[in-house]
Amino acid sequence: MKRLMIFIILILFELSYASRIDVELGASDTLAVWGGPAIAYLDSVPIVLVGTTDDSIYAISYDGSMLPGFPFYVNGPVTSKLAWENVDSMLAIFALTANGILWRIDYDGAVAESIYALKLGNQAQFVSPVLYDLNGDGELEVIVCVDTNLFALTFDGVQIFHVAFSSTTGSCVSSPTLADIDGDGEAEIILESYRKLFAYEPTGSLISGFPVEMPEHCFLSYSTPLGWDYDCDGIDELFFGAHVSGYGAEHGLVMRYDHSSSSLDTLYVVGRPGSWVYCSPAVGDVGGDYHYDLAFNSVDGTVFALTPEGALSSFGGVALHLAFGHTYGTPLLTDINFEIGPEYIIQAFNEDSSRQFLVAMNPLSSYVDSFPDTVEHARSGILTPALFTFHDTTFIVSIDGGGRLSIWSVDRVPVPGYRFWCQFLGDRRNNNTMLPPQLELFVEKISDTTYEIYWNRPDWRFASAYQLYRSTDSVGLFSEPIVRITDLDDTSFVYTSSAPPGSLWFFVLLEDSFGRTGIKSVPKSPSREVVSEHRFTKAERFEIRQNPFNSILFIRAEDAYYASVFDVTGRIVRKVYFPKNGLVSINLNGFPSGIYLIRVMFRSGCMSPIKKAILVK
């Protein structure tokens, strides 16, 4: 126990060197700010975007200065997070006001210009605009809920469809999300009313089996669902917060819906009264076991993380209650102390003392402390902090309900695999897309100083690139990048180093089209990784037709993707893709006689063991 306490004190000492800038924006006297900050980029420079209830949109630099052209008046209070997208050399900003006006504002770094302001209805509190390519044509559409209507519009504001749904509150209670709940390869539009869950095809037609009614005395509120195919069956399950009324109090719930079995399950019940779960789930490797967990906090200040099956994975398997005040928004997950697992960074409010706290918590311990100080005379709201890195500095951003923006800076950059998790809710399009899946990596020694590193190819529609790292430790905390590969078919890399094999550890991350990285693969070392035949099925082995061979090498394999040929130094000399009949010929005419090493990548994502082939001329 004594060693644990010393460890925690060191964490807090290191993080206490943060500095803070406060920027007074604005807010209505009667309506608090409820939309957290978005981190946008223009010419690779970060911009903090916030909509407030003084009918304005603000754009602030990382140093706290207001950018030219802002604040921008939008003729209605903004109570939700903004969406954005880079268009040519412009930044397109999308805002939905609480009185039902959808705005697109283009910004070039000097001038902010309204492209359109569409009055779609009268009530859209706490609902963010979502950007998504609904029909797969490469163009983004804008999806919003206003009153009890779901709208889809082109990027330029032309209405594609609108459909009505039912709600006892007269509106949607959370932002729409996009998830493939039927396994057809297309994302469906998911939205919540107070008592029902709706799902629509990309064309606007209601999916059979919907709406799904919540169980008796259960209600939905503000928690945008996460779509996550956690069991890898090709169908996204939905995870979201809710609450149940009964026994003289209301308790928070975490629920999971699986459309393939039409099952709506309660994964967890928060034990304290008044523990509504307003936040959307955050995702991260909370337990440091190389598996994703779902992180939540409830209004009463209870913080916890769950496995997708519903087991507690936080703080050694418990939920903790904060004494600081209420926690409305989603916890931010990022690793800035170079230890296993991300830290929770949570915005908490104490209404009695009108103080805001930014709380840092180590998910592997049970210690809580204010990080790094408090904001006096704050005002509460349903808000989520954000984080970005720039010039080797980490910036943590929060805004309180009264419109005070605070920017903390820490001279420490999150380790790979945690750097962009803060933008999970905030991928720039607000569509609550799950983080990239974890890859599996293998390492094999080819020569005394040459190693082949290879990994499985993901079947994931948002995959964009691989990021390969070398680390000096088995956890992958102290690492440096080796290469970024944008060809998703290229799932191997030859690495040369004279360092002892025991000091070499490798891991790979999958990057998505939003610039976020997923959980790192389990780090592997050539001194410990052994590739053996039993890992591969019979169908995942290959045959060299004639060995030794003269100039033309024939390889046969079932369901194979490509074959790689290496010389004895580990250099790739040929890479050839298999035709449908599974027989490939590789011309090595012009190469010297000798031993060559052959490896085959199969469509299953497995890589074969190496075989030797002898070229004799």
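In the hairpin of E32 and E33, 4 residues lie between the strands, and Gly403 adopts a positive phi near 90°. The model is predicted: local features require pLDDT of at least 70, side-chain atom pairs count only at pLDDT 80 or more, and totals for chains, interfaces and linings use all residues. Residues are numbered from 1 along each chain as its sequence is written, and side-chain values use heavy atoms, with hydrogens and water left out.

Strands (E, at least two residues) are DSSP runs numbered from the N terminus. Two strands pair if DSSP finds at least two bridges between them. E32 (residues 393-399) and E33 (residues 404-410) are antiparallel and share 6 bridges. Within this pairing, Ile396 has Trp408 of E33 as its bridge partner.

E31 (residues 386-390) also runs antiparallel to E32, joined by 5 bridges. Thr389 is bridged to Thr394 of E32. This hairpin has 2 residues between its strands, and His391 in the turn shows a positive phi of about 55°.

E32 is mostly covered, with 7 of its 7 residues buried (under 20% relative accessible area, 1.4 Å probe, protein chains only). Thr393, Phe395, Val397 and Ile399 point one way, while Thr394, Ile396 and Ser398 point the other way.

Elsewhere, Val568, Ile595, Ile614 and Val616 form a nonpolar surface patch with about 300 Å² of accessible area together. Ile595 lies in strand E45 (residues 594-602). Its relative accessible area is 38%, so Ile595 is partly exposed (between the buried limit of 20% and the exposed limit of 50%). Patch residues have over 30% relative accessible area and no salt bridge; nonpolar side chains (Val, Leu, Ile, Met, Phe, Trp, Tyr) are joined within 5 Å, like charges within 9 Å. A salt bridge is a side-chain nitrogen of Lys or Arg within 4 Å of a carboxyl oxygen of Asp or Glu. Accessible areas come from the Shrake-Rupley method with a 1.4 Å probe; for residues, only the protein chains shown count as cover.
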